[in-house]
Amino acid sequence: MTEILFYSFAFIAIISAFFILFTNNVLHAALALIITFLGVTALYVFAHAEFLAVTQIMIYVGGIVVLIIFGVMLTNKAGTSHYKTGSTHRFMGAVVAIGAMSMLIYGILKINFKAIERVGQGGIEELGVGLMTGYVLPFELAAILLLVALIGAAVIAGQDLKNTENK
Amino acid sequence: MAADLLTPLPCSNITLLALIALMLPLLSFLLNSGAVARYAWQASIAACFFMVLSSLISMIILVHVWNGTTFHTRMTWFVLGETGHTIGLFIDNPGALMIFLVTFISLLVHLYSTQYMKDDPGYQRYFAFLGLFTFSMMGILLADNLLVIFVFWELVGFSSYLLIGHWYHQAPAARAAKKAFIVNRIGDVGFILGIAVLWAQFRTLDLETLKEAMSSSSIQGESWVTSAGIALDTRWLTFMGLGIFMGAVGKSAQFPLQVWLPDAMEGPTPVSALIHAATMVAAGVFLMCRVVVLLDMDALSVIAVTGGLTAFMGAIAALTQHDIKKVLAYSTISQLGYMLMGVGIGAPGAALFHLFTHAFFKAALFLAAGSVIYALHQYAHRHQLAFDAQDMRNMGGLRAKLPVTFIVYLVATLALVGVPMFSGFLSKDALLSASFGWSEAMASEGHRWTYIVPVFAFTTVVLTAIYMGRQVLLVFFGELRIKGPADGLKESSHMIKFVLVVLGLFSLGIVWSLDPFDYHASWFLTLMPIPASSVPGLEVFVLDTARANALDSHTVVGLISIVLVLLGFGFSWFKYRPRASYALGYQGRAGFSFLEQLSFKNWYLDPLYRRLIVNPLMSFSRAASRTEKAIIDKFIDVTGVGSVIFAHIVGWFDRAFVDGFVNFSVFFAGKVGVLAKSFQYGKIQNYIILAVLSTILIILLIL
Amino acid sequence: MIPIEHYYLVSAVLFAIGLAIVITRRNAVLVLMGIELMLNAANINFIAISQHAGVPGQFFALFVIVIAAAEVAVALAIIIRVYRHFKTINLDEVNEIKD
């Protein structure tokens, strides 16, 4: 049962990823991205990473995709293009992507996953304690990084606004 | 061989004093050239003060050498290879007397110039150069070494150039200065050749050592051999003597180089008195007296004849001059001829004696003439008249206006002409007697032609009386030929009068000899050592005979010369007396007979030299210049063109091959660059493709 | 229990699709989406291995998510700037290096 569910979620994710690859409508692509993310989130759940699954939904679906949709809307002249876009380098893209994929698959198949020693899987408590003890420095750095990115994004995007208002 | 004779000699008080006396004029030069223009007057007073000190010192020196002692200080100057050059001071009786003469006359000229030059814009420069001149003149007198003498000799020539060209902004003065300088150079060529011969023969130029070395050398067959065994052809001995004499010919304005002296009258009158009467021109005579012991018979004869000829020629040229200073200039040439004749006939003592008496009375004449010129200048200035203040045609009747000047002029004239009771009589008598005795002695040896020398000498006595009588009559007697107001022509300041009177006193015979008719009684000649000449091959006995003959003939010669003087004065009174036709028509005098022209133009020497020497030289220079342009320049041009062509070829090679290689490298690098650039043309996705492909390739390679 | 290889295979496929999106799409926002997809593919690996290797895998995944968020914020800001400047976000036309 879990296997069927796993494979169907994986299938959904891959299908919607392909949709992103081939669609000409940016907004449809953004919606397909949501579905892909949700599929991936399901994979997380199957891997017993519930906290990360929740984080994934909140950040990606609730934040990032919304941001992307805002970006799509801000960067399209309303009513003229209908969010249409095209693609280039199709052949090279296919070659590179297939090459990368076959190499990855080749590598994966060579790995002997049985040799990995099972040390027990992390629960959510372990995650919280780890963040406050051994991983506190990366945690704080991530906080500072977010702050810097916030300010940087505001500065980069907002600079011209003032000028246009002045005009 | 002379090494033991060249040892350094210790310093004595006297030589030290002489050194101070030598340095004082140099100090004056430095002070006057360095002083601020505002203090020019003070600096000139200081210069006078230095000259007072210097003449006092020379008096002290004179007292110390009076009894015949000599002082000699010498040190090694520099060493070239094995041979050392020495430098030193040498003072003997004639030297000390000359130092005194130079400092004293220079002092008087300094004093005179403070008045005469006081309105001149070049006042400070003038005094500076006076100091420089006095310094270099003293250097000639004090040096013990021909090389050092030559250095100072040149310095004298140079400072006289500066002084003659004092008014260098006037073309004639500048020309005269150049002429004097160049003509002097011609003589100096001979001088330095003579020095070179001496050096080649004896390896030293120290005069005392040279005397020793000369007496130890000998004539062996056709060659002149020193004690060290260096042999030269005997002709070099004569050549050496004539070479040094040529230096004196230039400096002392002898035939054929006398042409510069009349032109040098363009300088300020005190300078004429200092340089062209008393000191610079006397340097040649003094030098010949110094080196007379190194001269052989042939050289001496040439000197005697040249001196006599110059005396005659100068006197002839003086007869018809109009410029008051030019008369004196030609007279100076004539008297210098006497002196060198004295050297040539083996009577250097008499020559020096004449040099002394001449220095004083000729300085007196020049300064008195300067006083006349100055007075006329002031007169012209006061009444806004324009006339040449030096031209005798504008003078006349100045006796009443300038009494002091007139008296001094008259005294000096009588001395110059050789009237008994005056200084010139004594010295001239000595020279005339010596010349007469010499030619007798030479004639007894078979050289009858030598009578020409006393003939020249006695003729010159008459001529001197004529031209000096003419000058005095034309300047001081009769009426003033310039039409102008009677007032305003007056004697110059007291300083000028004082100097004139001092010089006039020295022109009196009593100063030089207690017995004014017999030069043998003169203290001066007793001080003069008879030169112990020991040149190999010199017939010393001839000179001794000449001296003995001179003693015998002295009375006759004195009487003859008095008669000749009276003759000359009589002629000149007859011809130039105030109411005579010559004096009446003098102002507008223009036409000349041929003989007068010959005299006035100084024997046509200047045109002659121009035609014979200057013009050929100029055309030779022009030809050389043309040759240079036509051949050497052409060659250089061809070389240049060839170089340019070669350079073009090299340039082409450079462009085609060297640059080609470089250009190809650049081209190649450029193409590679373009190729590399084609991967980076801003398409970000292409970058990604390449990056991923490369990554895949790397991983494949690793695997 | 799902074998880890399967997670990895899904991850590899997703990564390849993301790469294809990044390379082929013209629209900058779509390129950004491709990047997010690739990041997610990587995350799947971390999570999958954390079943056996323990918590560190989840920490890495967590930080990747954080960095992805920051990256999207900055990237969108840049895209908006680019749009203002060039009046397009078509990557073919956004090119100032002319040859």
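Modeller: This is a predicted model, and in it helix 11 of chain B passes helix 14 of chain B in a left-handed crossing.

Colleague: How is such a pair of packed helices described, and at what angle do helix 11 and helix 14 of chain B pack?

Modeller: In general, two packed helices are described by the angle between their axes and the distance between the axes. Here helix 11 of chain B (residues 280–291) and helix 14 of chain B (residues 348–382) pack at about 160°, with axes that are 10 Å apart. Because angles over 145 degrees count as roughly antiparallel, helix 11 of chain B is roughly antiparallel to helix 14 of chain B.

Colleague: Which residues make the contact between helix 11 and helix 14 of chain B?

Modeller: From helix 11 of chain B come Ala282(B), Val285(B) and Cys289(B), while helix 14 of chain B brings Pro348(B), Ala351(B), Leu352(B), Leu355(B) and Ala359(B). Sorted by class, the residues of this contact are 8 nonpolar, with no polar and no charged ones.

Colleague: How many residues of chain A are in contact with chain C?

Modeller: On the side of chain A there are 73 residues, and they are in contact with 61 residues of chain C. Helix 4 of chain A gives the most to that side of chain A, with 12 residues, and by class the side has 49 nonpolar, 19 polar and 5 charged residues.

Colleague: What mean pLDDT does chain C have?

Modeller: Where pLDDT is low, the predicted coordinates should not be read in detail. For chain C the mean pLDDT is 86, and 95% of its residues reach 70 or more.

Terms used: Residues numbered from 1 in each chain as written. Chains lettered and ligands numbered in written order. Predicted model: local features only at pLDDT ≥ 70, side-chain atom pairs only at ≥ 80, totals over all residues. Axes fitted to C-alpha atoms, helices over the stretch in contact; angles between N-to-C directions. Helix = DSSP H or I, 4+ residues; strand = E, 2+ residues; numbered from the N terminus. Parallel < 35°, antiparallel > 145°, perpendicular 65-115°, else oblique. Left-handed = near helix turned anticlockwise from the far one by under 90°. Contact = placed C-beta atoms within 7 Å. Nonpolar A, V, L, I, M, F, W, Y, C, P; charged D, E, K, R; others polar. pLDDT = per-residue confidence, 0-100.
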